[in-house]
Amino acid sequence: DAGITQSPRHKVTETGTPVTLRCHQTENHRYMYWYRQDPGHGLRLIHYSYGVKDTDKGEVSDGYSVSRSKTEDFLLTLESATSSQTSVYFCAISVRTGNTEAFFGQGTRLTVV
Amino acid sequence: DQQVKQNSPSLSVQEGRISILNCDYTNSMFDYFLWYKKYPAEGPTFLISISSIKDKNEDGRFTVFLNKSAKHLSLHIVPSQPGDSAVYFCALSGGSNYKLTFGKGTLLTVNP
């Protein structure tokens, strides 16, 4: 267990509303990531962070923003939710043990109606 | 343009036999190669990895092979067990920031 907690675990929201997902880690790791998983697409990187206030875009960043004001929390915001953002969202941290493996949270299932 | 391809969406094997999962990639910049296992309603869990300087890595029943010239990665599970039934993703890393690029996954079903 890498000490990653995602909240909420499930959410249903209406089109056009803003939504914020939270990822919290207890291990003080520098690198954090947000992925989404969709059928037929595997996991795709949305945004990532390499330190407090240091973030960058991933492969599918349109319609999403992130913030990291402290090491332990990485927030993903859907500024105006659309049905195409219905997905399962995973947060991950990278543990620099020399193997570059990432450890994932349990996911947030978001449904936009 | 898909950089990482898992061309078999599903694979079914008998308990006790070998499972072979494959992954192809296009970009030579990747220098670390990983396999993740995912059960429904859970996050992916790290299984095994290999760096670009090696061609084989073993961990118990799991062996990963890397053929850099062919840009091909495979995961062998021997012997396969029903509990191995899950979706398996290959994930590749290269450059800074340790970002992972995933394949689409292969659903492995191990039949008792």
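Tutor: Buried means under 20% relative accessible area, exposed means over 50%, and partly exposed lies in between. Keep in mind that this is a predicted model.

Student: Are Arg36(A) and Asp38(A) buried or exposed?

Tutor: Take the contact first. Arg36(A) forms a salt bridge with Asp38(A), and the closest N and O atoms are 2.7 Å apart. As for accessibility, both residues are buried.

Student: How many salt bridges does a search of the whole structure find?

Tutor: The criterion is a side-chain nitrogen of Lys or Arg within 4 Å of a carboxyl oxygen of Asp or Glu. Arg22(A), Lys70(A) and Asp73(A) are linked in a network of such bridges. Over all chains, the count is 6.

Student: Why does Glu58(B) count as exposed?

Tutor: Glu58(B) forms a salt bridge with Lys56(B), with the closest N and O atoms 3.8 Å apart. Lys56(B) has a relative accessible area of 41%, so Lys56(B) is partly exposed. The cut-off for exposed is over 50%. Glu58(B) counts as exposed because its relative accessibility is 51%.

Student: How many residues apart are Arg61(B) and Asp84(B)?

Tutor: Their side chains meet in a salt bridge, 2.8 Å from N to O. Arg61(B) sits in the loop between strand S6 (56–59) and strand S7 (62–67) of chain B. Asp84(B) sits in the loop between strand S8 (72–77) and strand S9 (86–93) of chain B. The pair links distant parts of the chain, and the separation is 23 residues.

Student: Is Asp84(B) buried or exposed?

Tutor: Start with Arg61(B): its relative accessible area is 22%, so Arg61(B) is partly exposed. The cut-off for buried is under 20%. Asp84(B) has a relative accessible area of 2%, so Asp84(B) is buried.

Student: Which are the edge strands of the open sheet in chain A?

Tutor: This sheet has 4 strands with antiparallel pairing, in the order S1-S3-S8-S7. An edge strand pairs on one side only. The edge strands are S1 (4–7) and S7 (64–70) of chain A.

Student: What is the volume of the largest pocket?

Tutor: Its lining has 21 residues, with Glu59(A), Gln3(B), Leu100(B), Thr101(B) and Phe102(B) nearest the centre. The lining divides into 8 nonpolar, 7 polar and 6 charged residues. The volume of the largest pocket is about 470 Å³.

Definitions and conventions:
Residues numbered from 1 in each chain as written. Chains lettered and ligands numbered in written order. Predicted model: local features only at pLDDT ≥ 70, side-chain atom pairs only at ≥ 80, totals over all residues. Heavy atoms only, no water. 1 Å grid on protein atoms, 1.4 Å probe; cavity = no way out; pocket = protein on both sides within 12 Å on 5 of 7 lines; lining within 4 Å. Points joined across faces, edges and corners; volume = space filled by probe spheres on them. Nonpolar A, V, L, I, M, F, W, Y, C, P; charged D, E, K, R; others polar. Buried < 20%, exposed > 50% of the residue type's maximum accessible area, 1.4 Å probe, protein only. Helix = DSSP H or I, 4+ residues; strand = E, 2+ residues; numbered from the N terminus. Pairing = 2+ DSSP bridges.
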